[in-house]
Amino acid sequence: MHQALENGHASGDGPFTKKCQTMMEQSLGVPRALLTTSCTHALEMCALLLDLQPGDEVIVPDFTFVSTANAFALRGARIVFADIRPDTLNIDETQLERLITPRTRAVVPVHYAGVGCEMDVILDIARRHGIAVVEDNAHGLFGKYKGRYLGTFGCLATQSFHETKNITCGEGGALLINDPKYIERAEIIREKGTNRSRFFRGQVDKYTWVDFGSSYVLSDLLAAFLFAQLERWEEIQRRRRAIWETYYNGLVDWASKNDVRLPIVPPHCEQAYHMFYLILPSLEARQALIAHLRARDILSVFHYLPLHMSDMGRRYGARRGQCPITQSTSDRLLRLPFFNELEGRVLERVVEAVREFSP
Ligand SMILES: Cc1ncc(COP(=O)(O)O)c(C=O)c1O
């Protein structure tokens, strides 16, 4: 941060932005990474890059954050909700084919909790139907599916550096571009619809308005904050793995006695250790555990409400009951505290407090 301030480059695309982007390109093996102001904005860039038109359809998992859908809804796309798998809570790839119509343009798998979706199947279906795959990898930086980094499968992928994420600059994100045909236009869209990047590379002698776009560039001050963590990503992931394993090992017998389900990570997935959740037997049990922990000064929280049941979901013609696994998961899931500094006695106290509870 000091260095960034001394550089006198507080706006975007300064030396730290370049360092972050190069680091992601090299460590993940993606042709181009662009820092953005958020994952939401990176998703909006995807919708612009895909040239979505009103009436085009985009399939998203019902169990996700609003932005996964909203970024595409903003371009007039009709949002189609897919239910999730009961094990990983990721989009149920076996439902995809049924949801595809001639208007389907994209599917947006979300790697929930940083555990990979069934990308082989999803990519095969998308290829056969000529639809784009955009990975919402907000949770999954440095997670892997079958040995390959999440975020490297779709033609485009997005990352979040929001303060709730493993690596953060408060608010921030990235667009990963795996299909090089999108690179030049992505640079333009990110730079307010101008060819400023080409100008700085000396490829044009002035820059001007050439396309749609907005202001999606992250300040270099935030990039400096981010780079300090990206440099130490392996250590951060090691710490988070230790927290996750402490929870798992400390709760596995309690969970099986109390009909509570712990996260499932298929053997072909290396997770990103983004969160630790419990699935309680009922909504009442989940609420009771939240209250039990709150009484011990421990903050636990639920997660997404089913998008299809929201006011906006209903506008897209969604019907109550169309995504039963999402509904049931949303009622029963609880997230335990999970941040990089969580360790020692504080972490043990959370485990003990959960074990004192029986649903
Ligand atoms: C799956 C998913 N996608 C997108 C986002 C939005 O991220 P951001 O806050 O960086 O816009 C979130 C936020 O947590 C998320 O969980």
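Because the model is predicted, local features need pLDDT of at least 70 and side-chain atom pairs count only at pLDDT 80 or more, while totals for chains, interfaces and linings use all residues. Residues are numbered from 1 along each chain as its sequence is written, and side-chain values use heavy atoms, with hydrogens and water left out.

The ligand is surrounded by 15 residues, each with a heavy atom within 4 Å of the ligand. The closest are Thr40, Asp136, Ser160, Lys165 and Tyr304. By class, this shell holds five nonpolar, eight polar and two charged residues; Asp, Glu, Lys and Arg count as charged, Ala, Val, Leu, Ile, Met, Phe, Trp, Tyr, Cys and Pro as nonpolar, and the others, Gly among them, as polar.

Polar contacts are pairs of N or O atoms within 3.5 Å. A polar side-chain atom of Asp136 lies 2.7 Å from a nitrogen atom of the ligand. The side chain of Lys165 places an N or O atom 2.7 Å from a ligand oxygen atom, and a backbone N or O atom of Cys39 is 2.9 Å from an oxygen atom of the ligand. Taken alone, the ligand exposes 390 Å², of which the protein buries 91% (Shrake-Rupley method, 1.4 Å probe).

Elsewhere, the whole structure contains 15 aromatic pairs, meaning rings of Phe, Tyr and Trp (its six-membered ring) with centres within 6.5 Å. One of them joins Trp244 and Phe276 edge-to-face (planes over 60 degrees apart), at 5.3 Å centre to centre and 65 degrees between the planes. This pair links distant parts of the chain, 32 residues apart.

Methods. A polar contact is a pair of N or O atoms within 3.5 Å; within protein, one must be able to donate a hydrogen and the other to accept it, and residues adjacent in sequence count only if both atoms are side-chain atoms. Rings of Phe, Tyr and Trp (its six-membered ring) pair if their centres lie within 6.5 Å; planes under 30 degrees apart count as stacked, over 60 as edge-to-face and the rest as tilted. Helices (H or I, at least four residues) and strands (E, at least two) are DSSP runs, numbered from the N terminus.
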